[in-house]
Amino acid sequence: MKPSIPKGTRDFGPDQVDRRQYIFSVIREAFVRYGYRPIETPAMESLSTLTGKYGEEGDQLLFKVLNNGDFLSKADEQALADKDSNKILPTISKRGLRYDLTVPFARFVVMNQNVLSFPFKRYQIQPVWRADRPQKGRYQEFFQCDADVIGSDSLMYEAELIRLYDDAFHRLSIPVEIRVNNRKLLAGLAAVCGISEHFQAMTMSIDKVDKIGWDGVRKDMVDRGIPVNGVDQAIQYLANPDLETLRPVLAGHDDGARGLAEMDQVTSYLKDINLSNPWILDLTLARGLNYYTGCIFEVKAIGVEIGSIGGGGRYADLTGVFGLTGMSGVGISFGADRIYDVMESLDLFPANAVTSLNVLICAFDAKDHAYGFGVLNALRDAGISADLYPDPVKMQKQMKYANALGVPFVVVIGESERTSGRLTCKNMYTGDQQLTDIQGLIDQLLAS
């Protein structure tokens with residue numbers, strides 16, 4: 001059997017895991033500094049929790065988990081005979097892998113509402129799964145790093161999340177552009193163009209403009225049944241968007257006026273804040289998920305063609321579908337896997353992102369090896385990353401292993417070192433050697 005892994009998934013070696021953990025640690029530190037608390041939710045959720053929250057296309061990308069045991073025993077026989085997958089699905093699958101972290105968070109809030117204090121600020125760093133077509137920068141299994149605030153309508157949090165994005169990406173040394181829009185502005189535009197009843201279809205089409213261009217968006221909107229006149233008018237406004245030009249037009253509609261007021265307030269919060277990265281209002285930003293109702297965000301890396309590396313937005317009542325109404329929230333997500341690809345392509349990882357073995361002990365014979373085990377434990381007790389070659393084999397083989405690992409220091413123990421207690425520590429990069437006792441060795445290694 002030839003070993004393989006599913007498409008859209010990846011293995012990670014030690015150096016890759018170290019670098020990924022570096023990304024997580026920088027983002028986690030930012031979350032904590034901004035007052036967010038950690039939670040975790042199961043990899044699987046009930047399909048009833050997941051479906052209907054991400055739009056028609058999102059529902060198609062959900063990974064479904066077959067029921068336990070003989071899952072066909074209770075299957076709809078007629079649907080099975082007709083090969084009707086939509087009809088048979090509820091009878092063979094009641095669970096699915098989570099598509100994002102936001103909907104499970106809403107479910108978590110409703111189930112724990114009596115023990116949480118609102119507004120509740122949470123962060124979550126866990127994998128999600130989407131049955132998307134694998135390609136560069138797009139995987140079927142990937143990590144998200146989310147921060148959400150729920151239980152407040154305050155637009156201060158929109159400004160805070162823009163600041164958090166800027167802070168974290170600055171610390172990761174990734175130059176980015178933070179794009180911001182408001183779904184109410186798009187709803188006002190739909191009203192202006194007479195296509196309000198097609199609002200969701202419009203946003204799903206606009207969300208593809210970076211991939212298919214405006215000609216592609218126009219075709220997609222028409223294919224979705226949006227009237228041609230409304231399509232052409234919407235694209236006329238959006239292809240060369242200018243908020244100040246559109247302001248008097250949007251102000252004449254309730255949604256548009258509210259969107260303008262919200263964007264003006266977010267701008268006022270940020271006007272005296274010095275950001276390291278630019279944030280811009282982009283009226284073409286749509287974020288086609290059903291649950292977004294206000295400000296929306298997207299982050300693009302500058303100098304790398306990889307798609308967005310972050311996104312999020314305001315949702316007015318996501319918990320309402322689970323029975324808790326009037327609980328507004330806003331959140332953002334960092335796409336850790338794409339962030340990794342960006343940092344790797346731009347060579348942005350610091351040297352200390354990879355944690356390697358600091359010292360390897362090599363021994364000539366069995367007695368030296370037993371003595372070396374005591375030295376090993378003394379080094380580890382002092383907080384030094386150390387290892388002992390498992391057998392006193394030929395020294396050439398042991399040194400070859402040290403070189404393969406890139407170990408910076410090697411301690412070789414023979415009879416003289418064992419009897420005198422004086423150890424020779426060799427710097428593998430410079431070739432320098434220093435003879436010292438165990439405490440001197442510890443001091444040297446801690447200082448390196």
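Analyst: On a 1 Å grid over the protein atoms alone, a cavity is a set of points where a 1.4 Å probe fits but cannot get out, whereas a pocket is an open set with protein on both sides within 12 Å along at least five of seven lines; lining residues have an atom within 4 Å of a point. This is a predicted model, where local features need pLDDT of at least 70 and side-chain atom pairs count only at pLDDT 80 or more, while totals for chains, interfaces and linings use all residues. Residues are numbered from 1 along each chain as its sequence is written, and side-chain values use heavy atoms, with hydrogens and water left out.

User: Happy to start there! What volume does the largest cavity have?

Analyst: The rule gives a count of one cavity of 30 Å³ or more. Grid points are joined across faces, edges and corners, and a volume is the space filled by probe spheres set on those points. For the largest cavity, that volume is about 50 Å³.

User: Which element gives the most to the lining of the largest cavity?

Analyst: Helices (H or I, at least four residues) and strands (E, at least two) are DSSP runs numbered from the N terminus. Two or more lining residues come from each of helix H8 (183-192) and helix H12 (243-250). With three residues, the element that gives the most is H8.

User: And the second largest pocket: how many residues does H5 give to its lining?

Analyst: This pocket holds about 180 Å³ of space, and its lining divides into three nonpolar, four polar and two charged residues. Thr 51, Asp 59, Gln 60, Leu 62, Lys 64, Ser 85, Asn 86, Leu 89 and Pro 90 form that lining, with helix H3 (55-60) and helix H5 (85-92) as the elements that give two or more residues. The most comes from H5, whose number of residues is four.

User: Now for Arg 122. Is it buried or exposed?

Analyst: You will find Arg 122 in strand E5 (residues 120-129). Its contacts (heavy atoms within 4.5 Å), leaving out residues up to four places away in sequence, are Tyr 36, Arg 37, Ile 39, Leu 101, Thr 102, Phe 105, Asp 146, Ala 147 and Asp 148. Buried means under 20% relative accessible area, exposed over 50%, and partly exposed in between (1.4 Å probe, protein chains only). Because its relative accessibility is 0%, Arg 122 counts as buried.

User: With which side chain does the side chain of Gln 124 make a polar contact of 2.8 Å?

Analyst: Gln 124 is in strand E5 too, and it is buried, at a relative accessible area of 0%. A polar contact is a pair of N or O atoms within 3.5 Å; within protein, one must be able to donate a hydrogen and the other to accept it, and residues adjacent in sequence count only if both atoms are side-chain atoms. The 2.8 Å partner of Gln 124 is the side chain of Thr 41.

User: Last one: is Ser 173 buried or partly exposed?

Analyst: Ser 173 sits in the loop between H7 and strand E7 (176-182). Its phi is near 65°, a positive value in a residue other than glycine. Because its relative accessibility is 44%, Ser 173 counts as partly exposed.

Definitions and conventions
Ala, Val, Leu, Ile, Met, Phe, Trp, Tyr, Cys and Pro count as nonpolar, Asp, Glu, Lys and Arg as charged, and the others, Gly among them, as polar.
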